[in-house]
Amino acid sequence: MTQVSDALGPAAPTTPDPDAVGSGGLWHSAWRRLRRNPAAIAGAAIVALFLLVAVFAPLIAPGQPGVPLPNSGVTPSSVPGPSPGHPLGLDSPGTDLLTQLVYGARQSLLIGVVSTALGLAGGAVLGVLAGGLGGWVDVVVMRVVDILLSIPSLLLAVSVAAVLGQRPVSVMIAIAVAQVPIFARLLRGSMLAQRGSDYVLAVHSLGVRRRTVVMSHLLPNSLGPVIVQATLTLATAIIEVAALSYLGLGDSNPSTAEWGRMLVNAQSRLSTDPHLALWPGFCIAVTALGFTLFGEALREALDPKGRK
Amino acid sequence: MLSFVVRRLLLLVPVLAGLVVLLFAWLRALPGDPARALLGQRATPASIAQVNAAYGFDQPLPVQFVTYVGKLLRGDLGSSSATGQPVLQSFLDRFPATIELALAALVFAVALGVPLGYAAARRAGGALDSLLVGGSLLGVTIPVFFLAYLLKIVFSQWLPLLPTSGRQDPRIDATHVTGFFVLDGLLTREWDASLDALVHLVLPGIALGTIPLAIIVRITRASVLEVLGEDHVRTARAKGLPRGLVSRRHVLRNALLPVVTTIGLQTGLLFSGAVLTESVFAINGIGSYLFQAISQLDYAVLQGFILFIALTYALVNLVVDLLYGVIDPRVRLS
């Protein structure tokens, strides 16, 4: 990095330019540390596997989701076990268990990514307003965030889902709303920390407009913790989708395969066919673990204190 | 000290006021008109008119808001649309069960989490440390109700050692004084009833306490690691103080501050976790009450629950701040 850019702080290009950021900067060294961390590799492997399954679900799954098989052989006391056409057997509505699991990955990915993106966007707007402008805007925004944080996120999601009614989008919005205060507080804190730093004072003294300072200097340099949080939030979102399903507020359309609802359906057969609950529960836990492992490793890699 | 408590309680007022405004707006935003939302399945033209009159939903919005706040201040959280019972009374009846469960979970999490986190930090980088760090990650990512299912499957079928449902064996004819079954047994000297209630708490306590346990292990580990590297610990060792004394007085005591904060912040998690845990283990607390309320879209209960939890959360965190002064005399509460 050159002398000038050192005085102006870490590289913060206005346009996304991976080469400029990567040249010995924060992200480049973070990437190097990530590759050496076994937890990061394990997390990334789980996430990659999950993404592949979700994207290529139609190629992997042996059947169609949500379609009960004729003469499935499901009785009130038992479900058919593994057979050549159905490697994991059938689940209680008479659909192929593996198909449901594979398409469930797709649903989790969809809801997780959309809700995290929405929550991040909402939190970013509030956080940038509060942290970038300061003053009374900061006070008002942060009081609202405090109030929202005093409600447990699951209950916040439940309240929003109750207002929106049982539609597929309402689960995404409900989970997103529960994430907004977390992102808002994080981004504000991280921007406040930047605001007093030397390079920001330098940019100010050069006469750069406030909006430019916020958008091209404060925001890009506050993104590290936000990206970490977003990765960790994906894990929470996947668990919360299942919890909302369990509470009866999930997407009620039987043709969409969803891990949370599979768990709920398995509840009545817990004593006879525990595998119906074990498989979807295992998928939720492992996927969430993957995102958490990767997010934690990313946090360590981006932490300047950990740099050698 | 007293002025600190009073000022903290006063600071609660704007947060709670904001919450009340938010909940009022939420009630108005529910699909359909608010009377119908509050009444749910009991809605008849006559009852709707009655609720409209009682809550003043036919009045202008500002008047409605004042009426609503007035009712809240008198402790009237409305009544359940499913049962018609006053929400506050139902909460108070069921609260002991939830507190008992939350305490069991907290005891499990703290009693196991602090020593484990400490042990991990003392052998940082070792096999035990890796195991605990990995285990705590798994502990945070396993869904509460899935863990509850797992425990229920294992202990009801393969290892029938512990009860998997209810708060007490119905065959025990216990006298209930306070609603806290373990305490009741002690008060009335019905030891077997007390023991039975305690045994019933084991599995739900583990299910609810696992996430806090994982978090406490991680926070304790990080905090102990930080304190271990500080100068005063090296000095204490250098002057030849016994190892145990250094651990207890110099390391653990200094490391506990962030841990105590974390424990306070778990309150919300314990309550929302109770909604899932209580319903799996058939415990008749406010969690399972809310579970039913959600499935019946019983808004008055949900609204009261949120207010109730926000207040409890704020009070618990006030107590946590007061505990700071006890743990660390340098923290002046002023």
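Modeller: A quick definition before you start: a salt bridge is a side-chain nitrogen of Lys or Arg within 4 Å of a carboxyl oxygen of Asp or Glu. This is a predicted model, where local features need pLDDT of at least 70, side-chain atom pairs count only at pLDDT 80 or more, and totals for chains, interfaces and linings use all residues. Residues are numbered from 1 along each chain as its sequence is written, chains are lettered from A and ligands numbered from 1 in the order in which they are written, and side-chain values use heavy atoms, leaving out hydrogens and water.

Biologist: How far apart are N and O in the salt bridge of A:D138 and A:R188?

Modeller: These two side chains meet in a salt bridge. The pair links distant parts of the chain, 50 residues apart, with A:D138 in helix α7 (residues 135-149) of chain A and A:R188 in helix α9 (residues 168-195) of chain A. Helices here are DSSP runs of H or I with at least four residues, numbered from the N terminus. From N to O, the distance is 2.6 Å.

Biologist: Which residues are linked with A:R143 in a network of salt bridges?

Modeller: Start with A:D146, whose side chain meets that of A:R143 in a salt bridge at 3.0 Å, N to O. Both lie in helix α7 of chain A, 3 residues apart, about one turn of the helix. The network links A:R143 with A:D146 and A:R185.

Biologist: On to the two chains together: how much area is buried between chain B and chain A?

Modeller: The contact (heavy atoms within 4.5 Å) takes 40 residues from chain B and 36 residues from chain A. Buried area is the accessible area, with a 1.4 Å probe, that two parts lose on being put together, summed over both. Carbon and sulfur atoms give 81% of a total of about 3300 Å².

Biologist: Which residue of chain A forms a salt bridge with B:R218?

Modeller: The count between chain B and chain A is 1 salt bridge, and its closest N and O atoms are 3.0 Å apart. B:R218 is partly exposed at 27% relative accessible area, since that term covers what falls between buried (under 20%) and exposed (over 50%), using a 1.4 Å probe and protein chains only.

Biologist: Is B:S272 buried or exposed?

Modeller: B:S272 is found in helix α11 (residues 243-280) of chain B. Leaving aside its neighbours within four places in sequence, B:S272 is in contact with A:P152, A:L154 and A:L155. Its relative accessibility is 6%, so B:S272 counts as buried.

Biologist: What is the phi of B:A282?

Modeller: Most residues other than glycine have a negative phi. B:A282 sits in the loop between α11 and α12 (286-295) of chain B, and is partly exposed, with a relative accessible area of 48%. Although B:A282 is not a glycine, its phi is positive, at about 50°.

Biologist: Which residues are exposed on the face of α4(A) turned away from its buried side?

Modeller: In α4(A), the buried residues are A:A40, A:G43, A:V47, A:F50 and A:A54. They cover an arc of only 100° around the axis, taken from the directions from the helix axis to the C-beta atoms, which puts them on the same side of α4(A). The face turned away from that side carries A:P38 and A:L49.

Key. Helices (H or I, at least four residues) and strands (E, at least two) are DSSP runs, numbered from the N terminus.
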